[in-house]
Amino acid sequence: MIPWTYVAAAAALTAVIAFVVGIRWKGSADTRRMAGVKEVSSRIIQDAKRDAEALKKEASLQAKDEWYQAKVQFEAETREHRREFEATSKKLSQREFNLERKADIIGKKEREFANKVNALLARERIVKQKEERLTEVLAEQNRHLERIAGMTEAEAKRQLLENLENEARTEAALLVKSIKDRAVESANRDAKKIISLAIQRCAAEHVTESTVSVVNLPSDEMKGRIIGREGRNIRAFETATGVDVVVDDTPEAVALSCFDPIRREVARIALERLLEDGRIHPTKIEEVVQKVSLEMAELIKRTGEEAALEVGVHGLHPELIKLIGRLRFRSSYGQNVLVHSKETAIIAGIMAAELGLDGDLARRGGFLHDIGKSVDHTVEGTHSKIGIDLVTRYGEGDVVANAVGAHHEETEFASPIAVLVQAADAVSGARPGARRELLETYVKRLQQLEEIGDSFEGVEKAYAIQAGREIRVIVSHHLVDDAKAQSLAGSIARKVESQMEYPGQIKITVIRETRAVEYAR
């Protein structure tokens, strides 16, 4: 057999021979092809040269055109800059002229000022010399007066100041009394006229309303049905209404106790309807209470709308309308707060019209002044502060908010409207028959009045009279003179205002008795 190496060598030799033959054949073909390529390349080069010459000429023409346009634009901009420069130069020249003229004026004024300063310095030296001379003369006169009077300068000054102080205090007290008397006389006359007119035009009833928390029963047997088996009915009723039902020995009656007058009223109506229906069980109780609650919400809204329409206050926020309606079930000293608010609004509006002020604002402030009482049992704070927050939250203006907050002087008066609202509130609350007061509270108020009167120096005895609307103070004529009596009355009035709460006003009368005693011998 032939070895594999010989076979491989023969194959390799055959391949080399074939490669050489292929290269030679390809070289002859490439030679022929290169000749054609050179001819084509020559033609392409000639065409490119012609195109380049054309492009060169075109670019040259375009560059010359752009250069010309740039030149024209540059010349135009140069002319414009030249004009601006000339205008600026003129302005600067004018400003420089003005500055030079002002500098001349300032220089002239400086020279005048320097002359005046020199004159003042000369006068100051003269005045100082005169003051020194005057001091010497006064010292000499004081020494002469001390020798004559036998008193030192300090003693004379002290005695003179004491005399002047006593004289000034007496004159001031007399002047204050005279001014106050004239002002009070005039103010009382005008105020009585305006208030009497307002009261005459506001027809109001005596207090007859009070919060009812007692439900009459047809018989004592109904108490057992209200309580129910093992107390399930009364528990269901108390849970649904939020009130306490008091079943005691009172014949044919049960009491409803709750701090919220709305809940108490809902409970009263619901219990009366259950008694009329006769079916008293937890399911029926929940049904009736829910129905009465919806009716009460509608009643509150309708009541607020009718009250606002009655007093002529329009555009109130719906939430304020509801809060006004809730006042129907709120009372103060036995006076219904909604009725009181309407009275205050009407009186304030009438007084504002008489004084030429904005009657609409006065009615609005008077109508909303006690709005805080609708929620004061659930919100912390006084009803005036709560009222300010409510009216501000629901879009009322600063004048109305100030009238609400200032009617008990918890904030400063910011407008005459606030003063009118306070006056109307006092008139509505202090008129005869408007409010009633517990005996214990009444007696306590009288005692406090007398204690305040007795607390001042020089007072022998104070007596509260006229159902606490006047306090008469008897003073010692040795300790209190006529001038101090007027001042004492004002001091007592201010202390009463700061320490007591009362409807209307309290009159303070200071009585000083002068006794002249002589003996015939």
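These legends describe close-up views of cavities and helix contacts in a predicted model. Residues are numbered from 1 along each chain as its sequence is written, and side-chain values use heavy atoms, with hydrogens and water left out. In this predicted model, local features need pLDDT of at least 70 and side-chain atom pairs count only at pLDDT 80 or more, while totals for chains, interfaces and linings use all residues.

View 1. A cavity is a set of points, on a 1 Å grid over the protein atoms alone, where a 1.4 Å probe fits but cannot get out. Grid points are joined across faces, edges and corners, and a volume is the space filled by probe spheres set on the points. The count is 2 cavities of 30 Å³ or more. The largest cavity holds about 40 Å³ of space. Its lining residues (an atom within 4 Å of a point) are I226, N233, F237, L271, L274, I280 and I285. Two elements, α4 (232-241) and α5 (261-277), each give two or more residues to this lining. Helices are DSSP runs (H or I, at least four residues), numbered from the N terminus. The lining has 6 nonpolar residues, 1 polar and no charged. Here Ala, Val, Leu, Ile, Met, Phe, Trp, Tyr, Cys and Pro count as nonpolar, Asp, Glu, Lys and Arg as charged, and the others, Gly among them, as polar.

**View 2. The second largest cavity.** About 30 Å³ of space lies here. P261, I262, R326, R330, K373, S374 and H377 form the lining. They split into 2 nonpolar, 2 polar and 3 charged residues.

**View 3. Helices α10 and α11.** Helix α10 (residues 383-393) packs against helix α11 (residues 398-406) at about 165 degrees, with axes 8 Å apart. Axes are lines fitted to C-alpha atoms over the stretch in contact, and angles run from 0 to 180 degrees between N-to-C directions. The angle makes α10 roughly antiparallel to α11 (over 145 degrees). From α10, S384, G387, I388, V391 and T392 meet A401, V404 and G405 of α11. Contact means heavy atoms within 4.5 Å. The contact residues are 4 nonpolar, 4 polar and no charged.

**View 4. Helices α6 and α7.** The axes of helix α6 (residues 282-311) and helix α7 (residues 318-326) come within 7 Å and cross at roughly 95 degrees. The two are therefore roughly perpendicular (65 to 115 degrees). Residues in contact include G304 and E305 of α6 and G325 and R326 of α7. By class, the contact has 5 nonpolar, 3 polar and 4 charged residues.

How values were computed: On a 1 Å grid over the protein atoms alone, a cavity is a set of points where a 1.4 Å probe fits but cannot get out, and a pocket is an open set with protein on both sides within 12 Å along at least five of seven lines; lining residues have an atom within 4 Å of a point. Angles under 35 degrees count as roughly parallel, over 145 as roughly antiparallel, 65 to 115 as roughly perpendicular and the rest as oblique.
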